[in-house]
Amino acid sequence: MIEVTKKTVERAMLIALDTKEFSKETVEEHIEELEELAATAGAETIFKIIQTKRGIDPAFYIGKGKAEELAQLIELNEINIVIFDDDLTPVQVRNLEKLFNRKVIDRSGLILDIFASRAKTKEAKTQVELAQLQYMLPRLTRAWTHLSKQYGGIGTKGPGETQIETDRRLIRTRISLLKNKLEKIEAHRMTQSSGRKGFLRIAIAGYTNAGKSTLFNLLTEANVFAENKLFATLDSTTRSLDIDDTHKILISDTVGFIRKLPAHLIASFKSTLNEVRDADIILHVIDISHPYFEDHIKVVDETLKEFGSAEKRVIKVFNKVDIVSDKSLIDFVKNVYKESVIISASRGINISSLKTMLKNILNENIVEEKIELPLTATKKASQIHEFAEVLKTEYDDNKIQIIYRTSRQNSEKIKKIIAY
Ligand SMILES: Nc1nc2c(ncn2[C@@H]2O[C@H](COP(=O)(O)OP(=O)(O)OP(=O)(O)O)[C@@H](O)[C@H]2O)c(=O)[nH]1
Ligand SMILES: [Mg+2]
C-alpha cells in the first residue's frame with residue numbers, strides 16, 4: 001500500500017481595514033497583494049475581509065463586534081492563521097489571538113517570515129534574524145509564545161522557540177551581537193568594493209517580481225535564481241559586464257521592494273542595499289504588465305528616497321512587454337516616462353536599446369586621464385588608486401606619470417587631491 005502524505009497548507013483569513021483614507025480599489029489592491037504574500041509563505045487564502053470603519057479600534061483593530069463575528073467564521077471553516085494588512089499593536093495581537101484562538105500576524109510579520117525562509121547566505125540570515133528580533137521584542141508576550149508552540153508554521157520561523165522564551169535582556173544582547181556581525185560583514189564588503197573605483201556601477205532595483213534577476217542573468221550570463229514568487233532574491237550579486245571592447249561596468253542585482261516594507265528590514269538590510277546606495281546609476285525595473293505598476297513605481301521611488309538615493313540618475317526599465325497587448329499603454333509609458341526603455345527580459349526584446357543607453361551613459365560618465373606628479377608625491381599617487389582604476393604608472397628621472405580611468409565624480413576628487 002502506498003501511503004500518501006498530504007502536505008498541510010495553512011488556511012488563511014486576510015483582513016484589511018478601509019478607513020476611507022484610500023480608495024476602495026486601493027484597499028482591494030493591497031489585500032490582493034497580501035494574498036500573493038500569503039501564497040509565497042505557503043498559505044491558502046480562504047477569506048478576504050475588508051472592514052469599513054472610520055478610525056482604528058485600539059483594542060481589536062477592526063472593532064470587537066466584527067472580531068466576534070469573524071471568530072465564528074474562523075471556527076467553522078477551520079482557518080488556522082489570520083493575517084492583517086497593516087501593522088497591529090502588541091495589545092491588538094494579544095486580544096485578537098485570545099478571541100480567535102488562532103495565530104494572528106500582520107503584513108510585516110508575514111514579510112519577515114518569507115525573508116526568513118528565503119535567506120540562504122550568512123549575511124542574509126543575519127540581517128533577517130536582526131529584523132525579526134527587533135520586530136518581536138515589543139510583541140513578546142506569554143500568549144504569543146504559547147500560540148507559536150501550538151500552531152507552528154507562518155510567523156514562527158527564524159530565531160526559534162528557545163529565543164522566543166528567553167527574556168528581553170537576552171534578546172537585546174543577541175541584537176547587539178548581530179549588529180556587530182553585520183558591521184564586520186559590511187567592513188569586508190567595503191574592502192572588496194574598493195577595487196571597483198574605476199568602474200561605472202549600476203544597480204538593478206525595483207518592485208519584487210518585476211524581473212530584476214531575469215534581466216541581470218540575461219545581461220551578465222549569470223545564474224541568479226528567478227521565479228514567479230515574491231522575494232526570490234535576498235542577496236545582492238555583482239558581476240562585470242562588457243559594454244564594448246574596452247569598457248566594463250559593474251552591475252548588481254538586489255532585493256526587491258514592496259509597499260509597507262518593515263522598517264526593521266530596510267535598516268538591517270543596509271549592507272545589501274549599499275549596492276543601490278553606492279551605484280552611479282539605478283536601473284529601476286518595472287513590470288509593465290502589472291495592473292498597478294504605477295503604484296509600484298511610487299513605492300520604489302519612496303523607498304529609494306528613504307535611504308538617500310533620491311538624487312541618483314534612474315533609468316526606468318519597463319519589463320514584460322511581451323505580455324502587454326494594449327498598445328495605448330505602451331504609448332502612454334513612452335510619453336510619460338522620459339528616460340526609459342521598454343523591454344522583455346525573458347524574451348530578449350529591445351535589449352540592444354538598453355545596452356546602447358548604458359553605453360552612452362558610460363561615455364558620459366567615465367573618463368581616462370593622464371597626470372604627472374613629482375617623484376616625491378608618493379602619497380598622492382597612492383591616493384589616486386583609491387579613486388580610480390590605474391591603467392599605467394611610469395617613472396622617469398623627475399616625475400611619476402599615471403594614466404587612470406574613473407568616473408567624472410571621482411575625477412574631480414582626484415584633481416582636488418593633486419592641487420592640494
Ligand atoms: N512574461 C514575462 N515574464 C518575465 C519577464 N521577465 C521576467 N519574467 C518572469 O517574472 C518572474 C519574476 O522574475 P524575477 O527575475 O525572479 O523577478 P525579480 O524582480 O528578481 O523578483 P524578486 O527577486 O522576487 O524581487 C519570473 O517568473 C520570470 O520568469 C518578461 O520579460 N516577460
Ligand atoms: Mg530577484
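A residue is near a molecule or strand if one of its heavy atoms lies within 4 Å of it. This is a predicted model: local features need pLDDT of at least 70, side-chain atom pairs count only at pLDDT 80 or more, and totals for chains, interfaces and linings use all residues. Residues are numbered from 1 along each chain as its sequence is written.

**Stop one: ligand 1.** Select ligand 1 and the 23 residues around it; Lys 212, Thr 214, Ala 232, Asp 322 and Ser 344 come nearest. The shell has 7 nonpolar, 11 polar and 5 charged residues (Ala, Val, Leu, Ile, Met, Phe, Trp, Tyr, Cys and Pro count as nonpolar, Asp, Glu, Lys and Arg as charged, and the others, Gly among them, as polar).

Now show Ser 213. One of its backbone N or O atoms lies 2.9 Å from an oxygen atom of ligand 1. The protein covers 88% of the 660 Å² of accessible area that ligand 1 has on its own (Shrake-Rupley method, 1.4 Å probe).

**Stop two: helix H9.** Select residues 212-220. This is helix H9, which gives the shell its largest share, 3 residues (helices are DSSP runs of H or I, at least four residues; strands are runs of E, at least two).

**Stop three: the sheet.** Colour the 6 strands of the open, mixed sheet, in the order S6-S7-S5-S8-S9-S10 (two strands pair if DSSP finds at least two bridges between them). S6 (237-242) and S10 (340-342) stand at the edges with a single partner strand each, so one side of each lacks a neighbour in the sheet.

Finish on S5 (residues 200-206) and S8 (residues 281-287). They pair in the parallel sense over 5 bridges. Pick Ile 204: its bridge partner in S8 is Leu 283.

Methods
Chains lettered and ligands numbered in written order. Heavy atoms only, no water. Polar contact = N/O pair within 3.5 Å; in protein donor to acceptor, adjacent residues only side chain to side chain.
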